[in-house]
Amino acid sequence: MLVSVLLLSCKETAQPGGPAEATLATNLHPGMVDTVLNQIARNGGPRAERIAEVQAGASALPAGAGQPAPAPSQAPVGDVRWDADPYGAIAAAARGELLPAPPSGADVPPLWKDPSGTWVAVGGRAVVLLVATDELGDHGAPVRFTALTEPWLKGKVALPAPTGGMALAHFAALYQAWGPERMEAWLKQLKANEPQLYDTDDQVRQAVVSGRAVVGMVASDEAAKAAASAAHVLAVYPNQKSIGTFVWPTALSVAKSAKDPDAAQRLAQRLADRSTEQLLVARVPGYLPLREGIPVPPGVRSASNLVVVSVDPARITADIAARKGALAEWAASIPKPAPLSAEARPK
């Protein structure tokens, strides 16, 4: 099945003639998205134009329990949106700007769709532990977050600062999964172990690949980049005997402001289909399928076969306002590592 998807994606990608009937705003891999849109156009449509969209992330969320701020509402850009994270969809749903999610997403597990029925996930990313196997010595690879505070890893753990994006959502989810008391104790112990705190997952990956860090906490798409290089690394899906691995979903939604609501809903119906999720997983390394029965490339796990952190995205984003300040203060209290030298960066 995976080979069939890859063969389909390699075919000629010119869309049938005629103007676009709908627009898709997305920050996902453009080549993969264009392949999907061209296949849809050839097989009954609608014809759609891709609009590059940069997701604003957690900074765009309204303050206070995830409720809309009184500022004037702005309709989502694009008739349909497919974002790499659900921040924008959750905020748009709270403002009442979305149409119902397409029925083709009905088999997506409830954890990864809006309970009120507006947005649905089509694939997602996990937070994994990227381990430099040559640096382990006599130790085994860490398989849980509590291992990151062990003395042998002092100064050798790299992670992205939990002040925005997926990293902030992840730490907010840990507050929910562990409870505030245990989470704050872990943060204190982690700080005492002198972690390397970087601005991006890309820098965390570089720290591990270069040998500066033994283990890094990264999104699975960044881990896939490291695995595809010549580096000796291992991606571990952590906490499988406790709270589970954090999986952050994409979000597909349809705007009420769509110029042609019928075309927009037909497009969303095709995008939410499991065949689109299968193509995403095959074409973009590190993305996980959320539905059961979708084949995965080597080194990738299906979310359906993982123990996952069972906190829904809307609850996570609602809790961010309460946690963001404390997490920013914690991050600021940790000395920044020296810049990665040009020699240390993978080619």
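**Reading burial and salt bridges in a predicted model**

Mentor: Start with helix H7. The cover over its buried residues includes E4, helix H6 (201-209), strand E7 (215-219) and strand E8 (233-236). Cover here is contact, meaning heavy atoms within 4.5 Å. Helices (H or I, at least four residues) and strands (E, at least two) are DSSP runs, numbered from the N terminus.

Trainee: What should I know about the model itself?

Mentor: It is a predicted model: local features need pLDDT of at least 70, and side-chain atom pairs count only at pLDDT 80 or more, while totals for chains, interfaces and linings use all residues. Residues are numbered from 1 along each chain as its sequence is written, and side-chain values use heavy atoms, with hydrogens and water left out.

Trainee: Which residues of helix H7 are buried?

Mentor: Buried means under 20% relative accessible area, exposed over 50%, and partly exposed in between (1.4 Å probe, protein chains only). In H7, residues 220-228, the buried ones are Ser220, Asp221, Glu222, Ala223, Ala224 and Ala226.

Trainee: How many salt bridges does a search of the whole structure find?

Mentor: First the idea. Opposite charges on side chains can pair when the charged atoms come close. A salt bridge is a side-chain nitrogen of Lys or Arg within 4 Å of a carboxyl oxygen of Asp or Glu. The search finds 17.

Trainee: Which residue meets Arg291 in a salt bridge, and where do the two lie?

Mentor: Asp107 is the partner, at 2.8 Å, N to O. The pair links distant parts of the chain, 184 residues apart. Arg291 sits in the loop between helix H9 (274-283) and helix H10 (313-332). Asp107 sits in the loop between helix H3 (87-94) and strand E4 (124-132). Arg291 is buried, at 1% relative accessible area. Asp107 is partly exposed, at 40%.

Trainee: Is Thr118 buried or exposed?

Mentor: Buried, with a relative accessible area of 12%. Thr118 lies in the loop between H3 and E4. Residues that Thr118 touches include Leu98, Pro100 and Leu252.

Trainee: With which side chain does the side chain of Thr118 make a polar contact?

Mentor: That of Asp114, at 2.3 Å. A polar contact is a pair of N or O atoms within 3.5 Å; within protein, one must be able to donate a hydrogen and the other to accept it, and residues adjacent in sequence count only if both atoms are side-chain atoms.

Conventions. Lists of a residue's contacts leave out its neighbours within four places in sequence.
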